[in-house]
Amino acid sequence: QVQLVESGGGLVQAGGSLRLSCVASGPIFNTNTMRWYRQGPGKQRELVAFITGGGSTNYADSVKGRFTISRDNAKITVYLQMNSLKPEDTGVYYCNADIRTASETRNYWGQGTQVTVSS
């Protein structure tokens, strides 16, 4: 079965950096748009950034200029480089992707990785 597994979260001081990774595995034919969402304490889940199969990217206004999304199609991996982190970036970060298998194309979620930014 298809799985998305995130890694790279942790505790960092404000102004610091983290790099998140999300690896897709299973019977995958191809992976289309890949996304990073986050959910802060007491907040709704929000879209942080996405990257299409062709490499086009888009970012939430709150992270523009600080975060960079990228992908390695050979490794079926999406990354989120997070710089100049702020306490308000704290939350659980989730990977999300549109993946085609032999029988269907559907949307998948990872289990999330915690990012905590201290002031």
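Modeller: Two strands count as paired if DSSP finds at least two bridges between them. The strands themselves are DSSP runs of at least two residues, numbered from the N terminus. Keep in mind that this is a predicted model.

The hairpin is made by β7 and β8, with 4 residues between them. β7 covers residues 67–72 and β8 covers residues 77–82. The two strands pair in the antiparallel sense, over 6 bridges.

Now the turn. Ile 76 lies in the loop between β7 and β8. The phi angle of Ile 76 is positive, near 50°, in a residue other than glycine. Ile 76 has a relative accessibility of 25%, so it counts as partly exposed. Asn 73 also lies in the loop between these strands. The side chain of Asn 73 is joined to that of Arg 71 by a polar contact of 2.7 Å.

β8 has a further partner. Strand β3, residues 18–25, pairs with β8 in the antiparallel sense over 6 bridges. Within that pairing, Thr 77 in β8 is the bridge partner of Val 23. Is β8 mostly buried or exposed? Of its 6 residues, 5 are buried, so β8 is largely enclosed by the rest of the structure.

Ser 84 is not a glycine, yet it has a positive phi of about 50°. With a relative accessibility of 42%, Ser 84 counts as partly exposed. Asn 73 and Ser 84 are 11 residues apart along the chain, and their C-alpha atoms are separated by 27 Å.

Next, the aromatic rings. A search of the whole structure finds 2 aromatic pairs. In the pair of Tyr 37 and Trp 109, the ring centres are 4.8 Å apart and the planes meet at 50°, so the pair is tilted. Tyr 37 belongs to strand β4, residues 30–39, and Trp 109 to strand β10, residues 105–109, so this pair ties together parts that are 72 residues apart in sequence. Trp 109 is partly exposed, with a relative accessible area of 39%. Trp 109 also pairs with Tyr 94, edge-to-face, at 6.3 Å centre to centre and 85° between the planes. Tyr 94 is in strand β9, residues 91–100, so its pair with Trp 109 in strand β10 ties together parts 15 residues apart in sequence. Tyr 94 counts as buried, at 14% relative accessibility. Tyr 37, Tyr 94 and Trp 109 form one aromatic cluster.

Last, the empty space. Rolling a probe the size of a water molecule over the atoms shows where empty space is left. The count comes to 1 cavity of 30 Å³ or more. The largest cavity has a volume of about 40 Å³. What kinds of residue form the lining of the largest cavity? The lining divides into no nonpolar residues, 4 polar and 4 charged. Among the lining residues are Arg 38, Lys 43, Glu 46 and Glu 88, together with Gln 39, Gly 40, Gln 44 and Thr 90.

Key. Residues are numbered from 1 along each chain as its sequence is written. This is a predicted model: local features need pLDDT of at least 70, side-chain atom pairs count only at pLDDT 80 or more; totals for chains, interfaces and linings use all residues. Side-chain values use heavy atoms; hydrogens and water are left out. A polar contact is a pair of N or O atoms within 3.5 Å; within protein, one must be able to donate a hydrogen and the other to accept it, and residues adjacent in sequence count only if both atoms are side-chain atoms. On a 1 Å grid over the protein atoms alone, a cavity is a set of points where a 1.4 Å probe fits but cannot get out, and a pocket is an open set with protein on both sides within 12 Å along at least five of seven lines; lining residues have an atom within 4 Å of a point. Grid points are joined across faces, edges and corners, and a volume is the space filled by probe spheres set on the points. Ala, Val, Leu, Ile, Met, Phe, Trp, Tyr, Cys and Pro count as nonpolar, Asp, Glu, Lys and Arg as charged, and the others, Gly among them, as polar. Buried means under 20% relative accessible area, exposed over 50%, partly exposed in between (1.4 Å probe, protein chains only). Rings of Phe, Tyr and Trp (its six-membered ring) pair if their centres lie within 6.5 Å; planes under 30 degrees apart count as stacked, over 60 as edge-to-face and the rest as tilted.
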